[in-house]
Structures are given as C-alpha cells and as structure tokens.
Amino acid sequence: MRNWIALFLLMPLTLGAQTNYFLSAAGNDANNGTSAATAWQSIAKLNTATYQPGDTVFFRAGDTFSGAINVYQSGSPTGRIVFTSYGAGAQPIISGTTHLGNWTQHGDTFAIQSVAQVRNFFVNGEQQMLARYPNAHQYLWLDSAQTNYLLDNDLTGLPTNMVSGARMCVHTAQWAWEKGLVNSLVMDTLKFQAPLQLRALDGYGYFLYDNLAHLDTVGEWKYVPGTQRLWYMPPTGQNPSTMDCEATIYNFGIQLDNDMCFITVENLAFERQGSHGVFIPNGGARYNVVNNCRFYQQYNHGVQDQGKYNEITNNTFVGIGGIAVYVSTTATGTQIHHNTFRNIGLQPNYGIGGQLNLSAIKLAFVDSCNVHHNTIDSVGYCGISADGSYHMIERNTIHHAMLWNNDGAGLHAFGAGSHHSTFQNNFVGESDGSLEGTNNGDFITPGFYFDFQVHDMMVRENTIYNHTERGIFQNSGDVNNSIIGNVVYGSAYGLDLNGSPAIQTPQTGF
C-alpha cells in the first residue's frame, strides 16, 4: 500500500484544459468558437458554453453583440474566468438593443411591431422621451396626498384614456421622486396600485407617463404590450424607417448566477440595457472584478453589486438612468475606485424610483467599502451616498450633484445605521440642489451632509467649495463625529449644526 501512495504522490497533477472562446460579428455559430478564425457570432451561442476555471471569452474589438450573457460557473483563485476583448479598435459593445425598420405611418405618429417588451428607445444614438403628460419640465400640482393616493382638483374632468394604464412620477419630498402605476381616477382622487414610500408634500409636482394618449410631442414614444407595437412621433416630415432606431429589449449585459466567484469582466462596453450592465446577485458572489469597461445609458444601473469583496475599477459610466454603481443587501468589502461618472440620474421617472434613486454611487447600508479616486460630474441626486459602516471614502472629486433634488449632498450619509466611516481628502463643489417640481422647497443643499443620527464618523481634510449656504451640515441627532482640518469656501456657513443637545462634535478649524 505504501508503494502505491508513494507512486501517487510522485505523479504530476493533471489540470482541466483551459479554453479560449472567441466571438466576432463575422463569425458563425456553427463554428467551434475556440479560435479567432472559427469564432462564434452570437451571445445566444455563447450562453450554451460551460466554463471551467481559467477559461477566457474574447469579443472582437469594434464589433457589437446584442443579447444578455449568463454566467453559471465560477473561476478559482488561480484560474479566473475572464470576459474581455481581442484585436485592435474600440471596445466591443454588449448591447441591450435591437434595430428596428419598416415603420407604418398613422397621422403624425409611426408604429412598428416588436415581439419583445421595449424598455427604452433611441433614434440616431439619442435617447427619446417616454410619452408623458404634461410634457418635459411641466407638472401637475397635487393639493394633498397620502401614500396610496393624491388629491388634485385640476384632475376633475381629465379624460379616462389619459389615466388608464398610466404610470405616475411624484415628487414626494425634496429628496425623492417616486414612481408607480395608476389604479384609478375618481373626480379629483388619483389612486395608486401600490403605496409609495412617502406621503407627498402638499403642493408638490407630479406627472403621468407611459400612456399612448400622452404621445403628442416630437421625440416621444410608447410601447403597447397588448398589441406589441412601438409608437413614435418623429420630427415633422421625417420617416423613422430612414433613421437608426434602436429599442432596448435585453435587461442586462452580464448576469452572474448566485454564488459565482472569481469572474473578471474587462475591456468591454455595455450599452442601453433595460436594467443593468453587470449584475452580481448575492453574498456568495465573491472576488469578482469589473475593470476598464464603459457603461452607457442603462435604465437602472451600470453595475449592481450584492456580493462580497468585489472590485469596480477604471470604468466609465455615462447617462445611467438610475444609480450608476449600486451596492446593496448582502454586499461587504466592495472596492470602487478610479471610475468616471457623467450625467447620472437626470430623468426622475427612470431608474428604480423611490428614495434611493439617481445617485452616482450608492452604498445602501452595507459594510466596509472603499470608495476612492472617482470623478463624478452632473448627477440628479447625491454624488456618493455612503450609508452603512466602516467605509473609507477618500480622494473623490464631485461636481454638479443634486441636479433634480435639493435635500441631499455631494457627499451624504443617513441614519443611525451609518457609523464609523471616514471621509477624507475629497473635493465637492457646486452642488446647490434643484427646486424643480416643488412649491416650497426650503432646504439649501450643502456640499457634505450627515443626515439624522449619523454617529462616530471622521471627516477630515476635505475641500468643499461654492455652496450658497452651507459647506458641511450635520442634522439633529448626529453624535460623536469628528470634523477636522477641512477647507470650506464660497459658502455663507462653513459648518452648520442643526441644533440638538445630543450633538457632541469635536472640531479643529473644521
């Protein structure tokens, strides 16, 4: 027996063969897909592959691939599964859209059949407006509301077809635009199918959308599920059959299955998915990396991370409808660094709705994340909203946050569940907030905001500039926070403590 054991120990270990898979717009799904010369063509074919640790999937540079990639196998610490590019040229695009042609005219509007639900719509590369009433930057004004209905005397006599099957977007508070389905309109009472999170403030703005009766303006569109028809109003005298029309029909770019680990996604562009570009779904999904990718016009998120110890680095996020990087539920230890964010959350009825929408980076009561060296410009709500504990938020640059709300900040943390984090060496400027859709907004947005009962935080050596009223603001109930060595200029008040006898805040030349 000992001789057999000795012989076994002397034998070399045979590892599973590593496979390279190739995709090209000029490929063929009948090929074996294991070389550039025998590349596959479609994501549908790729989704039939079974990966092993060490496998790499290559997409040809300059090509576009429509579809959603599913990952059901994990890599290993010594053999990651990698999704990347090959060849020279622009990053290959994983697209959530399909191209449309052969429209039929119906008066001022055109229609086309689409067998799949359309989540978003683009013409000649430009996002079009989902039909709404009243039109862009115009509002109905509620008289009063509860979470399950609103009252508006001006609704009396509004035709039923303007409301039936519609959605609504309500500015429920200075910090939130919530959305949902309309249930009914009876006289002046608009009922919702499901309660909103907040009771909307009296006199605040709202609008109806996603109803064919709202389609009355150039650039608006509407998909009708019952007839599977997409309707669009092009500029006068133009036929969309001569335009490059794209409809979003795929909800994600790459979605990892539960507990998938050691996956790398790099050097790819994700465009116009109906929900997210990359989705990491649960706490068992660990040690995954998203590196040097471009995320463009996802409806909800560029990346959503619910896993542990994942890394999001060197990416560009542009035109995301909701939250560009959303770290939530079971996430721990996410690293978010050296990313660029532009034009995030600039349509209040896009994204996930509710109180956690429209920010560039949202840590939703998670732990031990490191967010550093990110550049953020033009955001509907907060630049970085860091709820939870033991985060390090440092060396980020944030300009022009709060373009849709006026109760938040470029840097923000909320609630008693937010504690023992450090904010240091960040630059926050010109994020005064917006009063659009309010009638009595009285909160002037600061650059940095601890919002109700935040405790045991360190705020040091940040630069906060060009905020009209307040540079740094602590709300009531905040305790044991250290604010040290910060530079604040261009504000009426450098540091504002919202009076509370519980506040115990050491300050040294804040």
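**Close-up views of aromatic, charge-over-ring and cysteine sites**

**View 1. R272 and the ring of F122.** The charged end of R272 sits over the ring of F122, at 4.4 Å from the ring centre; a charge is said to sit over a ring if NZ of Lys or CZ of Arg is within 6 Å of the ring centre and within 35 degrees of the ring normal. The model is predicted, so that local features need pLDDT of at least 70 and side-chain atom pairs count only at pLDDT 80 or more, whereas totals for chains, interfaces and linings use all residues. Residues are numbered from 1 along each chain as its sequence is written, and side-chain values use heavy atoms, with hydrogens and water left out.

**View 2. The stacked pair of Y21 and W40.** Across the whole structure, a search finds 27 aromatic pairs, where rings of Phe, Tyr and Trp (its six-membered ring) pair if their centres lie within 6.5 Å, and planes under 30 degrees apart count as stacked, over 60 as edge-to-face and the rest as tilted. Y21 and W40 form a stacked pair, with 5.5 Å from centre to centre and 25° between the planes. Because Y21 lies in strand β1 (residues 20-23) and W40 in the loop between β1 and α2 (43-46), the pair ties together parts that are 19 residues apart in sequence; helices (H or I, at least four residues) and strands (E, at least two) are DSSP runs, numbered from the N terminus. Y21 counts as buried at 10% relative accessibility, and W40 is buried with a relative accessible area of 6%, where buried means under 20% relative accessible area, exposed over 50% and partly exposed in between (1.4 Å probe, protein chains only).

**View 3. The tilted pair of Y139 and F207, with R132.** Y139 and F207 form a tilted aromatic pair, 6.2 Å centre to centre with 55° between the planes. This pair links distant parts of the chain, 68 residues apart, with Y139 in the loop between β13 (132-133) and β14 (140-141) and F207 in strand β20 (residues 205-209). Both Y139 and F207 are buried, and together with W141, W177, Y209 and W404 they form one aromatic cluster. The charged end of R132 sits over the ring of F207, 3.6 Å from its centre.

View 4. With a disulfide taken as a pair of cysteine sulfur atoms within 2.5 Å, the count comes to zero disulfides. For C293, the nearest cysteine sulfur is that of C261, 19 Å away, and C293 is buried, with a relative accessible area of 2%. For C369, the nearest cysteine sulfur is that of C382, 16 Å away, and C369 counts as buried at 2% relative accessibility.
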